[in-house]
2 protein chains.
Amino acid sequence: MAGDFQTGLKAAQAATETLLVRLLTDTPVDGAWPERLLAAMRYSLLGPGKRLRPFLVIESARIFGLAGEGVVRAAAALECVHCYSLVHDDLPAMDNDDLRRGRPTVHKAFDEATAILAGDALLTFAFAILADPATDPDANVRLTLVTELSSAAGAGGMVGGQMLDLAAEKQKLDDGEIRAMQALKTGALFRFACDAGAVMGRASAEKRERLARFGDALGLAFQLADDLIDATGKASKAGKATAKDADRGKATLVGLHGVAAAQKMLDEAVEQAIAIVAPFGARGAMLADAARFAGKRDA
Amino acid sequence: MAGDFQTGLKAAQAATETLLVRLLTDTPVDGAWPERLLAAMRYSLLGPGKRLRPFLVIESARIFGLAGEGVVRAAAALECVHCYSLVHDDLPAMDNDDLRRGRPTVHKAFDEATAILAGDALLTFAFAILADPATDPDANVRLTLVTELSSAAGAGGMVGGQMLDLAAEKQKLDDGEIRAMQALKTGALFRFACDAGAVMGRASAEKRERLARFGDALGLAFQLADDLIDATGKASKAGKATAKDADRGKATLVGLHGVAAAQKMLDEAVEQAIAIVAPFGARGAMLADAARFAGKRDA
């Protein structure tokens with residue numbers, strides 16, 4: 001069925017993971033990679049993961065009739081950036097997490113230096129994937145992807161959001177500040193994911209903007225759902241330690257407004273996301289179903 | 001005088017630093033960057049530095065008659081990558097250095113989390129600089145720069161070399177292994193610097209390869225000179241703690257072969273570098289003088 005999120009997500013997972021294995025096995029285009037470094041990159045990239053951001057790239061492109069290896073390459077590049085951010089965020093100097101997706105974090109399974117370098121290498125590799133002609137025959141499309149990913153992942157995007165998040169452990173943020181922080185930390189990559197599909201699909205500026213706004217709304221929904229799971233869920237289901245946000249004084253909308261109010265905000269974000277892709281009709285059904293899933297997930 | 005290294009280096013410093021200030025002040029193209037993150041990025045990028053890699057980009061391009069802001073942008077992007085690597089290398093989990101260029105390292109002046117994120121942001125920013133049309137009007141030239149920088153900085157380049165260097169603290173490397181490690185850790189960015197100038201200067205494949213080989217030889221020369229300074233120099237001159245390599249059991253050619261033999265290798269690398277650019281005649285004089293400088297520097 002065309003708009004079934006779980007089916008679409010499984011397909012995106014399979015395609016992305018197959019390509020990531022190939023990129024980390026066959027490729028080493030630039031000579032041998034040190035064995036332990038490659039092992040840590042593989043541990044991070046190929047462990048269990050929802051592959052939600054790759055799904056968004058792939059399904060956003062499909063709205064414009066585009067499918068194939070190029071799209072999956074862009075999805076894989078984004079997953080490299082997402083995984084690098086998890087590796088660095090988990091470090092002792094950052095969130096100091098021992099467990100991620102039910103397994104020891106990279107610095108626990110390997111060591112801190114290897115985790116720092118594996119993260120650095122994953123981030124660097126993402127840009128090589130995007131710049132390769134196999135991603136898109138049009139040089140300007142590849143450059144747009146490089147520019148937008150750099151913007152979404154950098155100081156004005158994800159890394160900036162992580163910085164604000166760490167600062168928030170020391171000073172209380174208000175509603176607007178939490179939303180601004182999360183829009184960078186989580187939202188920027190969701191936004192990029194949807195925009196990247198539109199860019200590769202040669203979408204009009206108006207449709208690119210529409211997809212990007214869907215990414216914003218979906219990012220907010222998934223962040224709210226994550227925070228609700230942390231506040232109310234069980235570690236076994238989440239695959240990681242829960243109730244840590246409150247212990248650390250992490251700034252979340254759940255912490256500020258309470259579970260009931262946050263659940264209402266989640267429902268609203270889901271409705272908003274569905275409304276944004278409604279003009280795409282049946283072609284937007286898969287993304288709408290992803291938003292619906294965000295509203296009812298419990299792990 | 002056309003081939004005076006110190007004059008050329010000062011000009012490259014001035015041009016690169018002026019542009020870096022502008023990029024980190026006027027630009028924030030993608031919204032406000034968190035103040036403390038930007039401060040750490042500026043602290044790393046705008047502190048004292050030789051700007052040797054930017055010099056190599058600028059002077060390699062000049063061999064092909066190219067000068068101007070685009071070349072300086074490529075030089076600035078490379079300096080972002082170099083500075084990020086210093087920030088991460090200095091971290092407690094890596095080399096654990098408190099002092100860099102005579103000042104507290106970033107994690108000492110700020111904190112570890114900020115240092116990790118500032119490094120991540122600098123690396124990410126480098127690709128945005130290269131992908132911008134202001135760097136070169138030809139999309140394919142910009143993509144080549146992105147691809148080559150990713151290769152030089154990543155798991156098959158600088159990061160891979162750092163990984164091998166850390167592993168070498170536990171197991172003794174032989175001559176070939178030390179050279180292979182240093183070719184990645186230091187050599188890859190030197191090679192990229194010279195190649196980038198050639199790429200932007202529309203050099204032939206043969207001339208690109210010649211410049212890249214010059215970068216290899218010069219990288220080896222500077223690494224040997226660095227290691228000789230560490231083994232014999234004074235901290236006040238080097239601007240950082242010295243005699244640390246031996247204390248840590250760092251793998252260096254000086255440690256393996258002794259000071260006299262390493263000095264001879266340095267002299268040979270300098271001669272080799274000079275010979276490689278000799279076919280460029282007067283246009284290669286500045287790079288030849290850079291190699292000569294590497295052979296006689298003492299700090």
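Predicted model: local features only at pLDDT ≥ 70, side-chain atom pairs only at ≥ 80, totals over all residues.
The buried residues of helix H8 in chain A are Met158(A), Val159(A), Gly160(A), Gly161(A), Gln162(A), Met163(A), Leu164(A), Asp165(A) and Leu166(A). H8(A) runs over residues 158-167, and with nine of its 10 residues buried it is mostly covered. What do these buried residues pack against? Within chain A they meet H4, helix H7 (139-153) and helix H9 (175-200), and from chain B they meet helix H2 (35-46) and helix H6 (112-131).

That brings us to how the two chains are related. Chain B is superposed on chain A by a rotation of 180 degrees, with 0.0 Å of shift along the axis and an RMSD of 0.0 Å, and this is the relation of a two-fold axis. If you look in chain B for the C-alpha nearest that axis, you will find that of Ala139(B), which is 3.0 Å from it. The same surface serves both copies, since 100% of the contact residues of chain B recur in chain A.

Let me stay with the contact between the chains, to which chain B gives 45 residues and chain A gives 45 residues. On the side of chain B that touches chain A, the elements giving two or more residues are H2, H6, helix H7 (139-153) and helix H8 (158-167) of chain B. Which of these has the largest share? H6(B) does, with 12 residues. Sorted by class, this side of chain B has 28 nonpolar, 12 polar and five charged residues.

Is Asp120(A) buried or exposed? It has 28 C-beta neighbours inside 10 Å and therefore counts as buried, given that 20 or more are needed for that word. Leaving out residues up to four places away in sequence, Asp120(A) touches His88(B), Leu123(B) and Val159(B). Within its own chain, Asp120(A) lies 39 residues from Val81(A) in sequence, while the distance in space is 9.5 Å, C-alpha to C-alpha.

Now I turn to how helices pack inside one chain, with two examples. In chain A, helix H1 (residues 5-23) and helix H4 (residues 69-89) pack at an angle of about 75 degrees, and their axes are 9 Å apart. Angles from 65 to 115 degrees count as roughly perpendicular, which makes H1(A) roughly perpendicular to H4(A). On the H1(A) side the contact is made by Ala12(A), Ala15(A), Thr16(A), Leu19(A), Leu20(A) and Leu23(A), and on the H4(A) side by Val72(A), Arg73(A), Ala75(A), Ala76(A) and Glu79(A). By class these residues of H1(A) and H4(A) divide into eight nonpolar, one polar and two charged. As you look at such lists, keep in mind that an α-helix has 3.6 residues a turn, so residues three or four places apart point the same way.

The second example is in chain B, where helix H1 (residues 5-23) and helix H3 (residues 52-63) pack at an angle of about 105 degrees with their axes 9 Å apart. H1(B) and H3(B) are therefore roughly perpendicular to each other. Here Gly8(B), Leu9(B), Ala12(B), Ala15(B) and Thr16(B) of H1(B) meet Pro54(B), Phe55(B), Ile58(B) and Glu59(B) of H3(B), and the contact has six nonpolar, two polar and one charged residues.

Next, the nonpolar core. The largest one has 218 residues, and among these Ala221(A) and Ala221(B) touch the most other members. Apart from its neighbours within four places in sequence, Ala221(A) is in contact with Leu266(A), Ala269(A), Val270(A), Ala273(A), Ala291(A), Ala294(A) and Gly295(A). In soluble globular proteins, nonpolar side chains tend to be buried together.

I finish with two places in loops. Arg51(A), in the loop between helix H2 (35-46) and helix H3 (52-63) of chain A, has a positive phi of about 60 degrees although it is not a glycine. With 25 C-beta neighbours inside 10 Å, Arg51(A) counts as buried. In chain B, Arg51(B) also has a positive phi, near 60 degrees. Gly68(A), by contrast, sits in the loop between H3 and H4 of chain A, and with 11 other C-beta atoms within 10 Å it is exposed. Gly68(A) and Thr135(A) are 67 residues apart in sequence, and their C-alpha atoms are 9.5 Å apart in space.

Methods:
Residues numbered from 1 in each chain as written. Chains lettered and ligands numbered in written order. Axes fitted to C-alpha atoms, helices over the stretch in contact; angles between N-to-C directions. Helix = DSSP H or I, 4+ residues; strand = E, 2+ residues; numbered from the N terminus. Parallel < 35°, antiparallel > 145°, perpendicular 65-115°, else oblique. Contact = placed C-beta atoms within 7 Å. Nonpolar A, V, L, I, M, F, W, Y, C, P; charged D, E, K, R; others polar. Core = buried A, V, L, I, M, F, W, Y, C linked by C-beta atoms within 7 Å. Buried ≥ 20, exposed ≤ 12 C-beta atoms within 10 Å, placed from the backbone. Least-squares fit on C-alpha atoms with pLDDT ≥ 70 in both.
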